[in-house]
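Here are my notes, as promised, to read with the model open beside you.

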Protein chains: 2
Amino acid sequence: MSSGVESFRQLSPSEFFYRNREIAGFSNPARAVYQTVREFIENSLDATEVHGILPVITLRISREDPSNPDHITIQVEDNGIGVPPQFIPDAFGRVLYSSKYKFRQTRGMYGLGAKMAILYAQLTTGKPFEIYSSTRKTRYIYYYKLMIDVKKNQPQILELASWEKRSKWHGTIVKLTIEGEWSRRVRDYVAVYIKRTAIITPYADITAILPSVEKEDEYEVLRFPRVTSMLPRPPKEAKPHPLGIDLEMLKMMINETGAKTVLSFLTSEFQRIGEVTATRILKNAGIDPDKPPRTLDDDELQRLYKAMREEKYWAPTDEPLSPIGEELIRIGLKEILRPEFIATASRKPSSYSGHPFIVEGGIAYGGELASRLDEIAQDSVKGETGPYIVLLRYANKIPLLYDEKTDVMWSIVDPSKFPWRSVYKLEPTDTVAVLIHICSTKVPYKGVGKESVANVEEVESEVRLLAQELARKLREYIQRKKRVQEARQKLSLFLRYIPEVAASLAAIAGNGRGTPDPSIQKELTEKMREIALAKIKLSEYEASA
Amino acid sequence: MSSGVESFRQLSPSEFFYRNREIAGFSNPARAVYQTVREFIENSLDATEVHGILPVITLRISREDPSNPDHITIQVEDNGIGVPPQFIPDAFGRVLYSSKYKFRQTRGMYGLGAKMAILYAQLTTGKPFEIYSSTRKTRYIYYYKLMIDVKKNQPQILELASWEKRSKWHGTIVKLTIEGEWSRRVRDYVAVYIKRTAIITPYADITAILPSVEKEDEYEVLRFPRVTSMLPRPPKEAKPHPLGIDLEMLKMMINETGAKTVLSFLTSEFQRIGEVTATRILKNAGIDPDKPPRTLDDDELQRLYKAMREEKYWAPTDEPLSPIGEELIRIGLKEILRPEFIATASRKPSSYSGHPFIVEGGIAYGGELASRLDEIAQDSVKGETGPYIVLLRYANKIPLLYDEKTDVMWSIVDPSKFPWRSVYKLEPTDTVAVLIHICSTKVPYKGVGKESVANVEEVESEVRLLAQELARKLREYIQRKKRVQEARQKLSLFLRYIPEVAASLAAIAGNGRGTPDPSIQKELTEKMREIALAKIKLSEYEASA
């Protein structure tokens, strides 16, 4: 060891990630099952809704080899746009090769997920990855069986086939077998993940077929049929905002631009920079606007970068974002939680460090909520000082299940900090579900696990305003409900006497023989009822609801 | 967006890590300063002590550009083995190229750290990385100024020079400038990191020159001179243990082996497999021992892997490990904390899943401890139910500063769980420092941050045994000290009367004239003192201590 010279060697990206698989969540057999399911389902959602297709997704988990009960086979089928056959080997068999490196909101982690699942299958069971896929335009279905050559970071095709389509089917079926754990705990994590996904994708048809934890050869089916055919607006690619880039990115953009002058580089490659702004930036940087961008030296580049940072701009456009929308949030909460009351809210687009984001959400209360939440509140712990707040966190439409307590969303709705009782008048025994969705071209995750969102000031402030708006709406409902109940009690008291009084009055005003005139009696009853309702400020609808 | 076909592209590894720099701890300007310091110092330690050189390391942090006060320049100089000039560009300018991919204990994270610092400098200040280096054998010092071509994952050499050496100097000087934060908090993190490093490297000479947080152009110097020239034993490379590999690794080994038969493959490429064991494994797998390894088909490979996992072996050798050793732990704790009492302990090598590990540590109490701990207990929080336990965590000689509460080491010494008071008789007001070092060829880190060690059963058990041994030694000391104090009080009572009694007796036994015989008096005094000491079980040494 003290020979004095070290030897060096190059790792392929596959080898690196294979050695450091915990980066993508593949840290143990239990987590690996959850992570594989998640990656495949998110790929399926990205292959459907983003392209205007109403998703139909089927997950099948099975134990196919009785001699290896810890070999878990995971298969996901979707009706997405499919992967063109020429891209399949690289898209699944080459690490750091992806369609996801674009300036718009996507699910998924670095486009690494599926490949990590394939590597994990390979290193635990040694079984290859299988895929069937067909795009909308082709007449064929293609089948690949492949592994990743870890040393070369290259796909290794073991089998390849194709068939002519008999139907118009398009989509993708992926399948692999990992060494995993299928316990009550893992089953619950998978089930909670699917349910929370179903809440924010009411436009998707999701079926999950899961093996029974107790009994061999038995399965349970979780069905979430589509309840609306409304899709969220798709994200659009956009040019970067001048505050959203760093110096290295600026250099890369200059190397790739077709612009002939720095001035046109600025106006054509960025959003929110017009001629006036560009001219001012270049003046502040002391750079000739007509200079070809690639002739800038290091010093000029730094001056340009500095001048760009010091300029004021319009906030970034929210076009690359794809929020769920209040309507879909309402539908999803209603379908899965069946509460008595739902309110939704959506904040205006905002931004931090040049990255646009939107915070939106909903609040649910009463009805079947409490019993239905039990199955979905996997990681929530009842606080000591109620009310019981169950937080459903989402970032770019992905449910976040781990590390709740370190998330900015929890830091806001935490019952020990948020005035649920003092300001929003909840009772300690109340149970409330709060759904919060943060979408951004760059979600400010805390650490690499991508399970918890950091306390960025701008985001925190929007989350707080959202929570306040939701809580206010809930308070209004609860107070109104209380008022209605009190009023109804008063009303029923009045109503008990109205017929009698009406009858007496009708008799007096009647034909003199002491018998009440029915038409007068009816009119009087209605009049008195109207007066009573007006007196206690209750609408006819509310009174009878 | 609904065009229906996605376009794909390949990322270079540099581009990937540049985009996901939080993987290596470069998540914000504050953390980036700490992380850069850490990476460079750890590289310097790996370039010295592992090769039998007593480390001399100087860290200099400065703000060199008054117009950019957030540009922080970080320079580290060491007297290590140096980097041969032909390797310098790739070793610092190409991601995933490293000397650290070996089967032995090293510091550092994936060999990625320095490159991430260089990328971070590039993308925040645009300034290149500079290095001076000379190996022991060469007559020259080489200088490179370089950047990383992110798109190509290639070094880009901006300047290159060399000089003939006038002295025998060897070592490396690295320097870069990042956009960073230099606040009280960041300064404290850096200082705590250096002090905790100094504790377990008493054989190193470490100087840190840090800018004042308050005053421009002022510096503070932290000096940790070498206090011993004893080095920990260096790690030796070893063959992998059969339980420490996975199926994918087995395949890679088979592809690279020079062995002609499966039998000789097993005996030559693994530790703890002799002919008998190899023969039994192959019999259980149903494989002909004479088969050339590369002719095994997938099914045979899986059978081989399964048979290997089901076999019993000797535990893995601890040769690839480099524990600090009790002596050095004692010296380090004494030098930095100046306590009244230190005890150390070291557990025998153990293993989990085929990976060897050693747990060792020390405990310190009294003296100047409490006042000196204040500066070093950055992240420790005083519990409500004392004693106050400050945990100094180390993994492969790296101090761990973040995420203490989720670490297996904390889970053991946590005063709310460990019986510091009931069993080990500490007072609620006591302050104790506990140092624990886990070294392994694969430290079971929790997540990717590599700041906290997971609760692996075998590791947890060894940490618990270590903590118990340390606590027992401390209890013995404290109880003995108490006993000595009580005995001394008794003794002083006896001693007050001994001269008088001795004088009277000497007079009686003396020359009859009533005056004591001095020699008899002296003898009697000593005898009585001996009897008194024996009676109260105190050694002459303890009585006078």
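**Notes on the model**

1. Start with A:Thr58: leaving aside residues up to four places away in sequence, its contacts (heavy atoms within 4.5 Å) are A:Gln75, A:Val76, A:Glu77, A:Thr207 and A:Ile209. A:Thr58 sits in strand β2 (residues 56–62) of chain A. With a relative accessible area of 18%, A:Thr58 is buried (under 20% relative accessible area, with a 1.4 Å probe and protein chains only). Helices (H or I, at least four residues) and strands (E, at least two) are DSSP runs numbered from the N terminus.

2. A word on ground rules: this is a predicted model, where local features need pLDDT of at least 70, side-chain atom pairs count only at pLDDT 80 or more, and totals for chains, interfaces and linings use all residues. Residues are numbered from 1 along each chain as its sequence is written, chains are lettered from A and ligands numbered from 1 in the order in which they are written, and side-chain values use heavy atoms, with hydrogens and water left out.

3. Have a look at A:Asn396, which has a positive phi of about 45° without being a glycine. Most residues other than glycine have a negative phi. A:Asn396 lies in the loop between β14 (388–395) and β15 (398–399) of chain A, and its 7% relative accessibility makes it buried. Over in chain B, B:Asn396 also has a positive phi, near 45°, and is buried at 7% relative accessibility.

4. Now the sheet in chain B. Eight strands make an open, mixed sheet in the order β7-β6-β5-β8-β3-β2-β9-β10; two strands pair if DSSP finds at least two bridges between them. At the edges, pairing on one side only, are β7 (154–164) and β10 (219–224) of chain B. Strand β9 (residues 205–211) of chain B runs antiparallel to β10(B), with 6 bridges joining them, and B:Pro211 stands opposite B:Tyr219 in β10(B).

5. Which helix lies across β2, β9 and β10 of chain B? That's α5 (residues 184–200) of chain B, running at about 15° to β10(B). Axes here are lines fitted to C-alpha atoms, for helices over the stretch in contact, and angles run from 0 to 180 degrees between N-to-C directions.

6. Last, a helix pair: the axes of α2 (residues 29–48) and α4 (residues 113–124) of chain B come within 9 Å and cross at roughly 140°. Residues that meet there include B:Phe40 and B:Asn43 in α2(B), and B:Ala117 and B:Tyr120 in α4(B).

Key:
Buried means under 20% relative accessible area, exposed over 50%, partly exposed in between (1.4 Å probe, protein chains only).
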